[in-house]
Amino acid sequence: MSIAELLEGKRVCVCGGSGGVGKTTTSAAIALGMAARGAKVAVVTIDPARRLANALGLEELDNEPHLVAPERLAGAGLSIDGELWAMMLDPKRTFDELIERIAPDPERAEEIKANRVYRELSTAVSGSQEFTAIAKLYDLDQAHRFDLLVLDTPPSRNALDFLDAPGRLTSFLEGRALKAFTRPTGVGMRVLGRGASPLLAALRRVTGIDLLSDLSTFFALLGDMTNDFSLRAAQVEKMLRADTTGFVLVSSAQSEAIDEAIWFQRTLVDSGLPFCGVIVNRFHHDLLGDSEPEDLATELAAALGHDLTARVAENLHDYHVLARRDTLNLERLERAVGGPSPVLIPHFDSDVHDIDGLLRLHAFLFAPAEERERLIAEVVA
Ligand SMILES: Nc1ncnc2c1ncn2[C@@H]1O[C@H](COP(=O)(O)OP(=O)(O)O)[C@@H](O)[C@H]1O
Ligand SMILES: [Mg+2]
């Protein structure tokens, strides 16, 4: 199946997977392809490589989608019937915007933004990217400006982090446990107020952080806003579970990535989240079928000199080992996941950092089955 078929009827596409497998590049290529097919698409990228960001005209960091100038795309030979919009997520800014939106007045928003606990929270590398990616996705979805939103996900080591982190941060912001803990009459204060106070005092002297008072100030400032976090969390959850949302898993063909993709898929299904397909990126297609690299080497020897033949044969052998490995991993993935067969993108010789590169990916993502063989033959040759 092509990715266009997998995304039929979807308004939100979340591309998840472990670090480095190609989430950012595939999300851009998916958005490009859907825009070419007439949709008004926005892709929310996270930490794109500098050159890819430049290629998409993402120099501006204002945390809103920008129209990718059609001239940029037209030169590469793909006509865009819809619109491609792209943005680079700014987690800190997204967090600030959220506070500004739900604070009762601008003064309170400023006070919260200046609070130490808030500053730590909003810039923490783990958690805040995941949380704000989802927050931004929700806002864009609510604005109804686009036919399709494609969300790239943070470069977490583990794909499952992406599902956990926003929830963890939300429950912290809802602050039930902590509020009980930091209430002057609460258990926390009673315990910490006496026994642990030397520890906290020492911490305060060394770090300058008065943890308990910073925390209680923070929650006092949030006040009623914690209800808004709960409310929004429920709505976000509804969006993620909707059948117009699709989680696309991106994986490489290496064992660890495949293991993680299998876990991720299982967790999505167990959590009732709409899994819609897998993309196996950087796949080494098997060129030889049943014949051995040695057979081909004999054939080659007739055409090339001895030294060159030896080098080519060695190369071919290495490639063949990878191809056999990838094929086995792919079979394992297919058995575990079931459903539509994975969309394969070959391993290219060079990085994907410009529009031409995205178009190479695009060809494989959107090709109908009958065209795929020809495309593979072209790349591998
Ligand atoms: N099919 C491919 N062939 C060759 N290089 C690729 C391919 N897909 C992605 N890359 C390269 O791999 C690197 C990681 O891709 P990226 O999309 O940033 O991964 P992620 O977002 O999952 O961390 C980038 O340098 C990208 O250009
Ligand atoms: Mg990335």
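**Exercise 1. The faces of a strand**

*Solution.* A word on the model first: it is predicted, so local features need pLDDT of at least 70 and side-chain atom pairs count only at pLDDT 80 or more, while totals for chains, interfaces and linings use all residues. Residues are numbered from 1 along each chain as its sequence is written, and chains are lettered from A and ligands numbered from 1 in the order in which they are written.

Helices (H or I, at least four residues) and strands (E, at least two) are DSSP runs, numbered from the N terminus. A residue is buried if 20 or more other C-beta atoms lie within 10 Å of its own, exposed if 12 or fewer, and partly exposed in between, with C-beta atoms placed from the backbone.

Then count: five of the five residues of β1 are buried, so the strand is mostly covered.

**Exercise 2. The neighbours of β1**

Find which strands pair with β1, and in what sense.

*Solution.* Two strands pair if DSSP finds at least two bridges between them. Step one: β1 (residues 12–16) and β6 (residues 245–251) run in the parallel sense over five bridges, and Cys15 is opposite Val248 in β6. Step two: β5 (residues 148–152) also pairs with β1 in the parallel sense, over four bridges, and here Cys13 stands opposite Val150.

The open sheet has eight strands in the order β3-β4-β2-β5-β1-β6-β7-β8, with mixed pairing. Its edge strands, each pairing on one side only, are β3 (66–67) and β8 (343–346).

**Exercise 3. Two packed helices**

Describe how α14 and α16 pack: what is the angle, and which residues meet?

*Solution.* Two packed helices are described by the angle between their axes and the distance between the axes. Axes are lines fitted to C-alpha atoms, for helices over the stretch in contact, and angles run from 0 to 180 degrees between N-to-C directions. For α14 (residues 255–270) and α16 (residues 306–337), the angle is about 10 degrees and the axes are 10 Å apart.

Angles under 35 degrees count as roughly parallel, over 145 as roughly antiparallel, 65 to 115 as roughly perpendicular and the rest as oblique. The two helices are therefore roughly parallel to each other.

Now list the contacts, where two residues count if their C-beta atoms, placed from the backbone, lie within 7 Å. Ser255, Ile258, Ala261, Ile262 and Gln265 of α14 meet Asn329, Arg332, Leu333, Ala336 and Val337 of α16. By class, this contact has six nonpolar, three polar and one charged residues. The classes are: Ala, Val, Leu, Ile, Met, Phe, Trp, Tyr, Cys and Pro nonpolar; Asp, Glu, Lys and Arg charged; the others, Gly among them, polar.

**Exercise 4. Around ligand 1**

Which residues come nearest to ligand 1, and which element gives the largest share of the shell?

*Solution.* A residue is near a molecule or strand if its C-beta atom, placed from the backbone, lies within 6 Å of it. Of the 17 residues around ligand 1, the nearest are Lys23, Thr24, Thr25, Phe348 and Asp351. Two or more residues come from each of α2 (23–36) and β7 (275–283). The largest share, three residues, belongs to α2. By class, the shell contains six nonpolar, eight polar and three charged residues.
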